[in-house]
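Please look at the sequence and the structure shown below.

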Amino acid sequence: EVMIFGNVFEKLKFKNGKAPGLGKNPAEAIGQMLNGLKEALSIFENLGFKAEKVKIGGIGVALPHLSTSLHASVGNIEIEKARELSEQHQDNKLIVMMIDALIKVKEISDRVEIDNLNGIKMDVKLGAIPKISVDLQSG
């Protein structure tokens, strides 16, 4: 998976071979993020989500990042199943953060009860500072 970045990152010069702020070279950082994202995507498929895209940014700079967008129907989200998955993956902070965000939005959706907001979009950005945002949207 990381080999596509090998030639780009081999040409970059970093002090001690490490990307600032990440503690590793950029190819390792992207590889680690891809592995984490692959695991998260397989778990979120079990929760009814489909990945829209995976974007790789920061190639050629010191702080590479990955981002993805996931979509699901609010009605297909099972809170108990999500909580069980969160407990099973307590050692993976990314998955726990994503599931926590999903549960909060599902609970808000259930309280607000706006009929046309029946879709969930989750944007996940992995890098030096991870970011997760979840939107309710018309589906």
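What percentage of the 139 residues in the protein chain do buried residues make up? Buried residues account for 40% of them, where buried means under 20% relative accessible area, exposed means over 50%, and partly exposed lies in between, with a 1.4 Å probe and protein chains only. This is a predicted model, in which local features need pLDDT of at least 70 and side-chain atom pairs count only at pLDDT 80 or more, while totals for chains, interfaces and linings use all residues. Residues are numbered from 1 along each chain as its sequence is written, and side-chain values use heavy atoms, with hydrogens and water left out.

The protein chain contains four helices and four strands. Helices (H or I, at least four residues) and strands (E, at least two) are DSSP runs, numbered from the N terminus. Along the sequence, these elements follow the pattern α-α-β-β-α-α-β-β. Contact means heavy atoms within 4.5 Å. Of the contacts in the protein chain between residues at least 6 apart in sequence, 59% join residues at least 24 apart. The chain exposes about 8300 Å², and carbon and sulfur atoms supply 50% of this area, as computed by the Shrake-Rupley method with a 1.4 Å probe.

Consider next helix H3 (residues 79-88) and helix H4 (residues 93-112), which pack at an angle of about 160° with their axes 9 Å apart. Axes are lines fitted to C-alpha atoms, for helices over the stretch in contact, and angles run from 0 to 180 degrees between N-to-C directions. H3 and H4 are therefore roughly antiparallel to each other, a term for angles over 145 degrees. In H3, Ile 79, Ala 82, Arg 83, Leu 85 and Ser 86 meet Val 96, Ile 99, Asp 100, Ile 103, Lys 106 and Glu 107 in H4. By class, this contact has six nonpolar, one polar and four charged residues; Ala, Val, Leu, Ile, Met, Phe, Trp, Tyr, Cys and Pro count as nonpolar, Asp, Glu, Lys and Arg as charged, and the others, Gly among them, as polar.

Two single residues complete the picture. Ser 109 lies in helix H4 and is buried, with a relative accessible area of 11%. Leaving aside residues up to four places away in sequence, Ser 109 touches Val 74, Leu 117 and Leu 136. Glu 78 is found in the loop between strand E2 (65-73) and H3. With 48% relative accessibility, Glu 78 counts as partly exposed. The C-alpha atoms of Glu 78 and Gly 48 are separated by 9.1 Å, and these residues are 30 residues apart along the chain.

Conventions. Angles under 35 degrees count as roughly parallel, over 145 as roughly antiparallel, 65 to 115 as roughly perpendicular and the rest as oblique.
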